[in-house]
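Reader: I've got a model open and I'm new to this. Can we walk through a few spots together?
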Amino acid sequence: MNKEGYFMEQINYLYAQYEKSRPCASLFTSAKYGFEWSVDDGVIFYPSGYLSRSRAALLRCVIPSVPVCFCGREREREREREREENVIMPELPTESLKNAVAKLPRALLVLAGDSEWVARTIPHLANRVPVDMLGRCITHRQLGDFLPYGDRKTRWWDVARKSSLPGNPKVKDKVIAAYQLFNEPLSKALFLAILRRYLFSSDAIIPYMEPNLQYFADVYTFLENEVFIDCGGFIGDTLEQYLRIKDRNTFDEYIIFEPDAKNYSILQNYIGSLGQDIRKKVTSYQCAVGQEKETLRFSGGEDSNSYIDPEGGEEVSCVTLDEALKDKMPTFLKMDLQGHEAFALYGAKNLIAQYHPVLAISVYHYVHDLWELPLLMQRFYPDYQYFLRAYRHEEEYICYAVPKERLR
């Protein structure tokens, strides 16, 4: 059997297993897990690292009143990781697991780590928590199953929707079509692992790369005259990573779009700290990118989680890349837009068709991004070669679309 036949057999098998074990209709309820739990029972996060604190922050956005405890201390190692990734989470009080269990005896025990760590950790908890709590032990990804269905803020987990959407017969054909765009074995294997995680709310092991390689996978060549378009520039973290890569100071232009006022201010300070030879090549705009030139509502001030929101408390200007870059010849286009990527791609369809830059697009903010966005890129330029990579705790998936002349 050739490689293509093998991988098609794998995805067909995955769907066959899903059909045999369809989740119950009330996907977001604790009935799926065989125990009862209510919001007042609370949540215990273990350990109190970056994943726990980021999940707790999102949980409190959805359910502000939920009781929460954090157990364990990993401060120095976590702080170092946060400094490397340019994201500093606030300090949170921690307590012993024994005290947390006494305070919240019916809580969910959320283990914040990858699947291998969870498997190693559960046996060590057996003598430290009551048996009934051990039965309420879940992973940080499964926490989404217990959140109210339909709240727009639950899109950060969306486990309930992930368990059903790719299994919908009307969607399945799209999933398989997108899957077939990826020819590289690693990309196909990663696609299958993500799909398994979505279909079964599982902790399928996902190979992920170092965070400082995000958007810079070893699948395309760099150009000395690169015109890099950074959509969702945040505080300049991608620019900083780009400048750290050996010999990458030889580029023509770096253009950044960032709509959040707080992030943009920090970005401006960072750009101002650069040497004159680099600074003169960097241009930044405080605006969003989308399908039309318009004014949009926006939820700002949420650091890297600010996003376009019809009910947001702010307004931001939005431009199309086709219009904003009409005098440019972009060679690289990166997008991390908190779920707005599809709109931005539509607004860049002409420059993609004309210049076919390397695309590095986030495909993890909504579950359907995994298949919808690669299919959209292919519609605008059918000769791209596709690659998929995971970063940052296995959760941030980037789809690379590379023209043949830029392949490594």
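Reader: Which residues does lysine 404 contact, leaving aside its neighbours within four places in sequence?
Author: Asp383 and Gln385. Contact means heavy atoms within 4.5 Å. This is a predicted model, where local features need pLDDT of at least 70, side-chain atom pairs count only at pLDDT 80 or more, and totals for chains, interfaces and linings use all residues. Residues are numbered from 1 along each chain as its sequence is written, and side-chain values use heavy atoms, with hydrogens and water left out.
Reader: How far apart are the C-alpha atoms of lysine 404 and glutamine 385?
Author: They are separated by 6.8 Å. Along the chain, the two are 19 residues apart.
Reader: Is lysine 404 buried or exposed?
Author: Lysine 404 counts as exposed, because its relative accessibility is 54%. Buried means under 20% relative accessible area, exposed over 50%, partly exposed in between (1.4 Å probe, protein chains only).
Reader: And where is lysine 404 found?
Author: In the segment after β15 (396–402). Strands (E, at least two residues) and helices (H or I, at least four) are DSSP runs, numbered from the N terminus.
Reader: What's the strand order in the open sheet?
Author: β7-β6-β5-β12-β13-β15-β14, seven strands with mixed pairing. Two strands pair if DSSP finds at least two bridges between them.
Reader: Which strands stand at the edges?
Author: β7 (282–285) and β14 (385–391). Each has a single partner strand, so one side of each lacks a neighbour in the sheet.
Reader: How do β5 and β12 pair?
Author: In the parallel sense, over four bridges. β5 covers residues 227–231 and β12 covers 332–335. Phenylalanine 228 stands opposite phenylalanine 332 in β12.
Reader: New topic, helices. At what angle do α1 and α8 pack?
Author: About 155°, with axes 11 Å apart. Axes are lines fitted to C-alpha atoms, for helices over the stretch in contact, and angles run from 0 to 180 degrees between N-to-C directions. α1 and α8 are therefore roughly antiparallel. Angles under 35 degrees count as roughly parallel, over 145 as roughly antiparallel, 65 to 115 as roughly perpendicular and the rest as oblique.
Reader: Which residues of α1 and α8 meet?
Author: Phe7, Met8, Ile11, Asn12 and Tyr15 in α1 meet Lys172, Val175, Ile176 and Tyr179 in α8.
Reader: What about α8 and α16, how do they cross?
Author: At roughly 60°, with axes coming within 9 Å. That makes α8 and α16 oblique to each other.
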